[in-house]
Amino acid sequence: MWFPTRTMPSYEDILSAYNSIAASAYFLRTIAYNCIPETVKDGFFLRLQKISSSLSSQLTVVIEESHGLTVNEIFHAADVYLAEKLSSSTLRVKVNKPGKERGFQMITDKNQELFDLFRGVKLKWVLLSSSRNHRLYQSDTEYGILKQEFCYFELSFHKKNREMVISSYLPYILEKAKEIKERKKTLKLHTVDYYGSDFWGSVNLDRPASFETMAMDPMIKTALIGDLDRFTRSREFYRRVGRAWKRGYLLYGPPGTGKSSLVAAMANYLKFDVYDLDLKEIQCNSDLRRLLLGTGNRSIIVIEDIDTSLDSAEGGKVTLSGLLNFVDGLWSSCSDEKIIVFTTNHKDRIDPVLLRPGRMDMHLHMSYCTFDGFKTLASNYLRIQYHQLFDEIKGWLDKVQATPAEVAGELMKCEDPDVALPGLIRWFRDKANTEMQQGSLNI
Ligand SMILES: Nc1ncnc2c1ncn2[C@@H]1O[C@H](COP(=O)(O)OP(=O)(O)OP(=O)(O)O)[C@@H](O)[C@H]1O
């Protein structure tokens with residue numbers, strides 16, 4: 001189409017026309033605000049808003065930080081979700097370093113527009129804040145004003161997508177935020193400060209073991225991972241059959257075979273916190289109850305050396321029946337997604353009550369180092385899958401009982417396989433000699 005140059009408005013003309021319309025609208029609005037009597041003002045502006053929103057194709061959803069005293073879950077989920085959406089084109093971001101966390105957190109700053117695309121629909125997010133004044137009464141007539149800031153998100157999109165946003169996009173954000181939090185979660189190890197607060201305190205579980213680094217029977221490892229997967233997926237099942245959503249594992253084997261490491265690997269896999277309970281330090285069953293009730297959901301409670309830490313005589317100390325009654329009873333009914341692990345070096349010394357079918361869901365034997373276990377350790381510590389000395393080491397492992405902790409200790413002495421592996425063979429030879437002298441080994 002052709003326009004005569006004289007009739008086509010220039011960019012500057014359009015801009016100046018827009019500016020004068022906007023200025024006039026603002027001017028008229030201000031005059032209206034000042035001239036309209038208070039009694040009709042609210043109704044007038046409400047109507048004005050209705051007219052302007054009926055002309056607009058956009059819908060804006062306001063998501064406040066909290067609703068009364070309750071936290072607004074979708075606000076916090078959006079905060080987490082949008083932090084992942086910050087792109088290189090975002091002009092302002094906020095950086096946080098929570099005391100106990102390792103890394104920095106990048107979060108959305110106020111007044112920044114962020115765009116998201118969901119099922120082909122464009123959605124615009126802006127974080128805003130506002131303040132409210134609260135009257136703080138000192139007496140009937142005197143009061144002070146407390147100014148309180150609160151944040152909210154404005155989510156804007158085309159009106160026709162309203163249903164989709166409410167029924168699909170917001171639930172998607174809740175789900176995604178949960179996933180992100182799980183991924184970023186720093187695992188915590190909780191222990192009781194028995195000589196101070198007498199309650200749980202926590203430290204970060206830095207570099208916890210993982211199933212990949214565990215030197216253990218591959219079949220046991222696979223069975224355990226499968227069991228954990230089934231457990232975490234079974235919320236509905238436990239609800240339907242009316243059973244507490246908890247699982248119990250008994251880990252047994254000689255010292256240094258990786259029982260504690262396995263607990264850390266389970267926690268790492270599930271992203272559960274660990275609560276380490278030392279029954280020897282607990283004075284009575286009611287203390288035990290208080291501590292168990294203080295553990296969070298999605299956690300693993302470990303009670304190590306169960307054979308030595310329980311007072312079988314009912315002398316006021318923690319008793320096995322006290323422990324089991326509580327674990328199976330009240331505690332079960334008021335907590336969700338908990339794992340309880342008992343460890344022992346001597347399964348034969350455990351009270352048979354604990355071994356009764358249905359009590360501990362899985363009994364896992366942690367054995368001396370096998371050749372498969374050795375290969376895992378060699379891969380972890382020396383980054384090798386094969387070496388010419390492997391066959392000789394296999395022969396020693398068949399003859400001498402060595403724990404994974406002992407083998408790992410030797411491999412850690414040098415990063416060079418040509419030094420570390422002969423060192424391990426010397427260690428086997430020494431151990432075999434000592435055991436032969438003591439009469440416990442016949443070669
Ligand atoms: N099966 C294993 N796989 C990998 N590393 C292991 C294994 N067992 C032991 N280790 C190494 O040895 C160290 C000590 O092992 P760990 O404390 O887990 O053994 P434990 O069986 O719990 O011993 P204890 O019965 O004395 O508490 C671990 O930090 C880990 O480095």
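Is Arg247 buried or exposed? At 17% relative accessibility, Arg247 counts as buried (buried is under 20% relative accessible area, exposed over 50%, partly exposed in between, with a 1.4 Å probe and protein chains only).

Before moving on, two notes. This is a predicted model, where local features need pLDDT of at least 70, side-chain atom pairs count only at pLDDT 80 or more, and totals for chains, interfaces and linings use all residues. Residues are numbered from 1 along each chain as its sequence is written, and side-chain values use heavy atoms, with hydrogens and water left out.

**Stop 1: around Arg247**

Arg247 sits in strand E11 (residues 246–252). Helices (H or I, at least four residues) and strands (E, at least two) are DSSP runs, numbered from the N terminus. Show the side chain of Asp227. The Arg247 side chain makes a polar contact with it at 2.9 Å (a pair of N or O atoms within 3.5 Å; within protein, one must be able to donate a hydrogen and the other to accept it, and residues adjacent in sequence count only if both atoms are side-chain atoms). Contact means heavy atoms within 4.5 Å. Then pick Met360. Its C-alpha is 7.5 Å from that of Arg247, across 113 residues of sequence.

**Stop 2: the sheet**

Select the seven strands of the open sheet, in the order E10-E9-E12-E13-E14-E11-E15, with mixed pairing. Two strands pair if DSSP finds at least two bridges between them. Strands E10 (200–204) and E15 (362–365) are the edges, each pairing on one side only. Neighbouring strands are turned by 25 degrees against each other on average, direction ignored.

Zoom in on E9. E9 and E10 run antiparallel, joined by five bridges. Val192 has Trp200 as its bridge partner in E10. Towards E12, three bridges join a parallel pair, and Thr191 stands opposite Asp276. Color E9 by face: Lys188, His190 and Val192 are on the covered one, Leu189 and Thr191 on the uncovered one. In a regular strand the side chains alternate between the two faces of the sheet.

Next, select E13 (299–303) and E14 (338–344). They pair in the parallel sense over five bridges. Ile303 stands opposite Phe342 in E14.

**Stop 3: helices on the sheet**

Show helix H7 (259–270). H7 lies across E11, E12, E13, E14 and E15, at about 165 degrees to E14. Axes are lines fitted to C-alpha atoms, for helices over the stretch in contact, and angles run from 0 to 180 degrees between N-to-C directions. Helix H8 (285–293) also packs on the sheet, touching E9, E10, E12, E13 and E14.

H8 and H10 pack at about 30 degrees, with axes 10 Å apart. The contact involves Leu288 and Leu292 of H8, among others, and residues of H10 including Leu323 and Phe326.

**Stop 4: helix H14**

Finish at H14 (390–399). Which residues of H14 are buried? They are Phe390, Ile393, Trp396 and Leu397. Seen down the axis of H14, they fall within an arc of 115 degrees, so they line one face of the helix. The arc is that of the directions from the helix axis to the C-beta atoms. Lastly, show helices H13 (371–382) and H16 (417–438), against which the buried residues of H14 pack.
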